[in-house]
Amino acid sequence: MASLGRYLLAACCLAAVLLGVLAAVYVSGFGRHEADSDISRSRKTVNGLFTVSIEPESSTVWQGDLHAWLVTVKTASGKPVEYAAIDVSGGMPEHNHGLPTSPQVTGYLGNGHYRIEGMKFTMRGWWQLRLSISAAAGSDTVVFNLAL
Amino acid sequence: MTRIASVCLALALAAMLAGCGKPQFSDAEKATIASLSLSALPPLKPDTTNRFADDPGAAALGSTLFFDQKLSRDGTVSCSTCHRIDRQFQDDLPLGMGVGRTNRRTMPLAGVAYNAWFFWDGRRDSLWSQALTPLENPLEHAGNRAAYAHYIKARFGERYERIFGPLPDLYGIPAKAGPFGTDAERAAWAAMNEDQRGGVNRVFANIGKAIAAFERSLMPPPTRFDHFAEALASGTEPQGDASLSDAEMQGLKLFIGRANCVTCHNGPLFTDGSFHNVGVSPRPGLPPDRGRIDALAQVEADPFNCLGPYRDGGVEACGELRFIRKTGEELVRAFKTPSLRGVATRPPYMHAGQFATLEQVVDNYLNAPASIEGTTEQHPVQLSERERSALVAFLKTLSD
């Protein structure tokens, strides 16, 4: 009897571990860990040349609608970066695809602020927005994680 | 020891039974379900590129034109030949049949006006410019725009002028002429002067604008899924028409969860309106079809696109074309995510009708085969036979 009990206990533990693993996989979702890792809207560029902040122009971003973002570029010492060339790219790493549109910087608004038009997110999930910035101080890149 | 074992056994049994019982939805899942409900569909935005889009007279003329077989080379093909009113505005065929057999599946039209891009590859950027394209396709209506302008004047002149203003002077315009027709028609088109071509183009554009005004009224009806979603959102127990079976609910849970369908089939129309390579094999015997990547040059060259001279309203409506994505391997063999509303009652499926059943479609998504060109966005998903059936059962709730 005691031996049967041990077997049952072992089976239960095994089942519990399996359930736990399945639940962890299920709850974590595909790659969500990456998206959650850093979704800050203000980041330093890879080589530390610039500090870049982003925000959507209007408070609500509707999935599937074209909309604009505002980008602020400052030097490491906090000075606005004027008339930088900014190239916009990105995509969904989990789905092997880039952005559905080709957003572009359509205006320099002064004081290190730029407007990016043509942004569109067609799907929920983990998006990346990559800004390659060239200015008098040099060229550098920053990648933002966006969780929709 | 025996007691611990018994408790464990009871817990394990309870867990198993819970797994087999009625699926429950978390708050996040309920929010996703609400986002798919037809009641979440926003009102149609005005189409500023077509100032007749919401003109009842234009819609009425558009409806007449939609069903008019005279708008074709030999008087046998209308829009409704393939977009059949009694069949969700599609034709049940793997490949559409106009004057000849086309290379693509006819798309249904419910909610079509919500699209930013048209056709399976998005080679047109407005509903009205879309409506013009089949009229001159040699495999569809196979007509030419000069003949259409003459026909409109002769048959609908007064109606046309009440809506769109005076017709151009068609005196001296050849009976048949257009940029895509026979050699003789193309030569006749080239021999016309700029004003004559512009006048004919204007009448042709207005044919598209009238048809688009009619098509804006084509909306999907609410189904059992919508009744269920509304009951769920209001916190009441779904009853009668609003109740889904356990299998249907399990399928819904998979659709918005582990099977990842909702990633692309999102929103009340179950489409992200975008283009994806999902590794569907081509239909044998057809010329190579590279989808979105080959549509880019076509929409940019179309004189009726948003940036062309036939747009009404301001250029600010042209964001989709201005910020069009032009490069990237993911555009190769990428086709538009179709709406899933009414899907179960309109096989066959995919852009060339490759699959006869929803089961085959589901299997293709879950197995995620490699694409013959480009890279599929699909990842394999392991689902049991029962789960696959549940997914199909759920899809059927979008039809009845």
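How many helices and strands does chain B have? In this predicted model, local features need pLDDT of at least 70, side-chain atom pairs count only at pLDDT 80 or more, and totals for chains, interfaces and linings use all residues. Residues are numbered from 1 along each chain as its sequence is written, while chains are lettered from A and ligands numbered from 1 in the order in which they are written.

Chain B has 14 helices and two strands, where helices (H or I, at least four residues) and strands (E, at least two) are DSSP runs numbered from the N terminus. Along the principal axes, the C-alpha atoms of chain B fill a box of roughly 100 × 45 × 40 Å. Of the 400 residues in chain B, 45% are buried (20 or more other C-beta atoms within 10 Å of the residue's own, with C-beta atoms placed from the backbone). Contacts (C-beta atoms, placed from the backbone, within 7 Å) between residues at least 6 apart in the sequence of chain B join residues at least 24 apart in 73% of cases.

In chain A, five strands form an open sheet with antiparallel pairing, in the order 1-2-3-7-6; two strands pair if DSSP finds at least two bridges between them. Strand 1 (42-44) and strand 6 (104-110) of chain A are the edge strands, each pairing on one side only. Strand 6 of chain A pairs with strand 7 (residues 113-119) of chain A in the antiparallel sense over five bridges, and V105(A) stands opposite I116(A) in strand 7 of chain A.

K44(A) lies in strand 1 of chain A. The C-alpha atoms of K44(A) and V71(A), 27 residues apart along the chain, are separated by 13 Å.

Notes. A residue is buried if 20 or more other C-beta atoms lie within 10 Å of its own, exposed if 12 or fewer, and partly exposed in between; C-beta atoms are placed from the backbone. Two residues are in contact if their C-beta atoms, placed from the backbone, lie within 7 Å.
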